[in-house]
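Work through the following exercises with the sequence and the model side by side. Each task is followed by a solution in steps.

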Amino acid sequence: MSSTNTEAAARDTASPSQPAQLQTEQLSVTYSNGHQALQPNSLAFAQGEFVVLLGASGAGKSTLLRCLNGLVKPSQGKVLSSACGDIATAEARRAHRRQTGMIFQQHHLIGRLSVLDNVLLGRIGYHNSWRTLLPWSKDEKRMALAAIDRVGLLDYALQRADQLSGGQQQRVGVARALIQQPSILLADEPVASLDPATAEQLLTLIHSICKSDGLTAIVSLHQVNFARRFADRIVGLRSGAVVFDGLPGALTEAAAHGLYQRPDKAKSTQEQPQQALRNEPFRDAPLPSAL
Ligand SMILES: Nc1ncnc2c1ncn2[C@@H]1O[C@H](COP(=O)(O)OP(=O)(O)OP(=O)(O)O)[C@@H](O)[C@H]1O
């Protein structure tokens, strides 16, 4: 898909009834080693939308998510938040991060701390950096317990985080994001290290929380079946370029295969940009096992 077509698709698929809460404008990232991880893209994420990012390893999903949270600086273009404007300035970025919860594949919990203390760390954006030296307020502890209860771990609140299963630890990650009281939730392969049943439970939980709280969610996944089931909209990346942007029903088997093509095959597809979106199966392209 040419960048012009991609941009048009992005505009067409953003929910017209809801304003964009987060937008990229000609955003691209080239890392210091010269590798272009993201090619210019202009995407609009509507308020309350649940968007799934799909793409093979190295396609640029994490880079995009990290740009959306201000953790990676764009080489070109910008990230605009409806509440904070261009997040290029330190002040806007701080305000944007406060309203943006982030869930990581590897939890990023402190294993020796209790579930409660890990969740409370989600409040740090609301305080000065020396805040952890002081006791947390009763209100914040109450908020943390409510978040822990919401993810079904109240009985484990005082247990060390490293004594929990992978699925439980990821629930702690969700609670830590929720205590921020975010309006945007970014999740980078939140279920990649979980077994299929636990992954499904966790995604069901994240999806239902996002929908009931009206959060704008952008979630990267490797499981196309989960993307089809949970997403309002799927954005597909390949070699740093947005090559699919549309409703789950529009992601044909061929388009899904195209996202996971080997780079040598993808190269020939890029010479015929629309091929990945046609209903022609790529028989030699192995799909991830979770498909
Ligand atoms: N800090 C960095 N410096 C240089 N190259 C990087 C850096 N971070 C990522 N890359 C490269 O940029 C490309 C995109 O990486 P990214 O992590 O965004 O992909 P991804 O789609 O999230 O992959 P995965 O599904 O494996 O997490 C990859 O080729 C990766 O090796």
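Predicted model: local features only at pLDDT ≥ 70, side-chain atom pairs only at ≥ 80, totals over all residues.

**Exercise 1.** Determine which residues of α5 are exposed and which are buried.

Solution. Residues are numbered from 1 along each chain as its sequence is written.

Step 1: An α-helix has 3.6 residues a turn, so residues three or four places apart point the same way.

Step 2: The buried residues of α5 pack against α4 (115-120) and α6 (166-178). Helices (H or I, at least four residues) and strands (E, at least two) are DSSP runs, numbered from the N terminus.

Step 3: Helix α5, residues 138-150, has 13 residues and spans 18 Å from its first C-alpha to its last, close to the expected 18 Å; the expected span is 1.5 Å times one less than the number of residues. Just after α5, G152 takes a positive phi of about 80°.

**Exercise 2.** Repeat the analysis for α7: which residues are buried, and what covers them?

Solution. Step 1: The buried residues of α7 are A199, L202, L203, I206 and C210. Viewed down the helix axis they fall within an arc of 100°, so they line one face of α7.

Step 1: A197, S208 and S212 are exposed on the other side of α7.

Step 2: The cover over the buried residues of α7 includes β4 (50-54), α6, β8 (184-188), β9 (216-220) and α8 (224-230).

Step 3: α7 has 18 residues and reaches 26 Å between its first and last C-alpha, close to the 26 Å expected.

**Exercise 3.** Find which part of domain 1 gives the largest share of the side that touches domain 2.

Solution. Step 1: The domain assignment gives domain 1 (1-99 + 182-291) and domain 2 (110-181); such bounds come from an automatic or database assignment.

Step 1: Twelve residues from domain 1 and 13 residues from domain 2 take part in the contact, which requires C-beta atoms, placed from the backbone, within 7 Å of each other.

Step 2: On the domain 1 side, α3 (90-98) and α7 (196-213) each supply at least two residues. The largest share, five residues, comes from α7.

**Exercise 4.** Where is L221 found, and is L221 buried or exposed?

Solution. Step 1: L221 is in the loop between β9 and α8.

Step 1: L221 is buried, because 26 other C-beta atoms lie within 10 Å.

Step 2: Leaving aside neighbours within four places in sequence, L221 is in contact with V52, L54, E189, F226 and A227. The C-alpha atoms of L221 and P190 are separated by 7.5 Å, and the two residues are 31 residues apart along the chain.

Key
Contact = placed C-beta atoms within 7 Å. Buried ≥ 20, exposed ≤ 12 C-beta atoms within 10 Å, placed from the backbone. Arc of directions from axis to C-beta.
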